[in-house]
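Hi everyone, thanks for coming. Please have a look at the sequence and the model on the screen, and then I'll walk you through how the pieces pack.

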Amino acid sequence: MLRIISILFLITACSSYKPTIFIDAGHGGPEDPGIVIKGEKEAPINLMLAKKIKNSILNLEKGYNVELIRKTNSFISLQERIQVVSEKYKSGDIFISIHQNAARTDIKNNIIIFTKNKEDVKLADAILWLFKYSKLQIFKNREIKQANFYVLNNPLPSVLIEVNRMNKGYRDWISIETNQEKVADIIAVGIYVYFYNR
Ligand SMILES: [Zn+2]
C-alpha cells in the first residue's frame, strides 16, 4: 500500500484540478437488500465501502468533492440516483456505483467492472490496474464487461463495480476493517490515476 500512496503523491504534485466524484452505494433499505447470502446483505457492505472510498479520497486530497448518492441504509430508486447526478452533473466528473456479486460457481471473476462506453473503460482500466498492482489474491481474477445498467445511463463517465463474489472467504475478508480500507484506497488511487491520464 505504501507504493500506491507514493504513486499518488507523484500524481497530485502534478495536478491542481479538483474533480467531483459521485459514489453510489447499490441497493438499500428493507425493500432492496441486494444479494443476501446466509442472512448477510449486499446493501450495507456497499454503503460501508462507499463511505470508506469517500474517506480515502478526502484523506489524500481534501480539495476533491465527493458526493455519496446514498448516505444511510434506506431505499433510493434507480431513477432518484440518476436524478441526483443529472441535477449536479455540470459540476460532476465521474460516477461510481458499488456492488457485490452473487457467489455462484459459474461466476469465475472476483472483481468485475461494468462500463457503457470507451471513456468508462479508461476509468475501469485505471481502477483494475491498481487492483492488479496490489497483488491481493482475493482480487486475482479481474474483468471489464460492457452492460447497459440503468445507473450507467447518466451524462458522466460511469462504472459499476462488482467488488467481489459474496462467498464465505470474501465475506470473512471484507469484515476486517483494514481490508475494507485496502479496497477503498485502491479504488481512490485508481480514480486519481484516471484523472491524471485524462
Ligand atoms: Zn448489487
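Let me start with a term: I call two residues in contact if their C-beta atoms, placed from the backbone, lie within 7 Å. What you see is a predicted model, so local features need pLDDT of at least 70 and side-chain atom pairs count only at pLDDT 80 or more, while totals for chains, interfaces and linings use all residues. Residues are numbered from 1 along each chain as its sequence is written. Helices (H or I, at least four residues) and strands (E, at least two) are DSSP runs, numbered from the N terminus.

Sheet first. Two strands pair if DSSP finds at least two bridges between them. Six strands make an open sheet, ordered β4-β1-β5-β8-β6-β7, with mixed pairing. β1 and β4 run parallel and are joined by four bridges, with Ile23 opposite Leu68 in β4.

Now look at β8. With β5 it pairs in the parallel sense over six bridges, and His99 stands opposite Glu162 in β8. With β6, β8 runs antiparallel, over three bridges; there Ile113 faces Ile161 in β8. A residue is buried if 20 or more other C-beta atoms lie within 10 Å of its own, exposed if 12 or fewer, and partly exposed in between, with C-beta atoms placed from the backbone. Eight of the eight residues of β8 are buried, so β8 is largely enclosed by the rest of the structure.

On to the helices. Axes are lines fitted to C-alpha atoms, for helices over the stretch in contact, and angles run from 0 to 180 degrees between N-to-C directions. α4 lies across β5, β6, β7 and β8, at about 165 degrees to β6. How do α4 and α6 cross? Their axes come within 8 Å and cross at roughly 130 degrees. Which residues of α4 meet α6? Among them are Leu123, Ile127 and Phe131, and the α6 side includes Ile187, Val193 and Tyr194.

Finally, the core. A nonpolar core is a set of buried Ala, Val, Leu, Ile, Met, Phe, Trp, Tyr and Cys residues joined through C-beta atoms within 7 Å. The largest one has 54 residues, and Ile21, Ile23, Ile96, Ile113, Ile127 and Ile191 touch the most other members. Its largest share, 11 residues, comes from α6.
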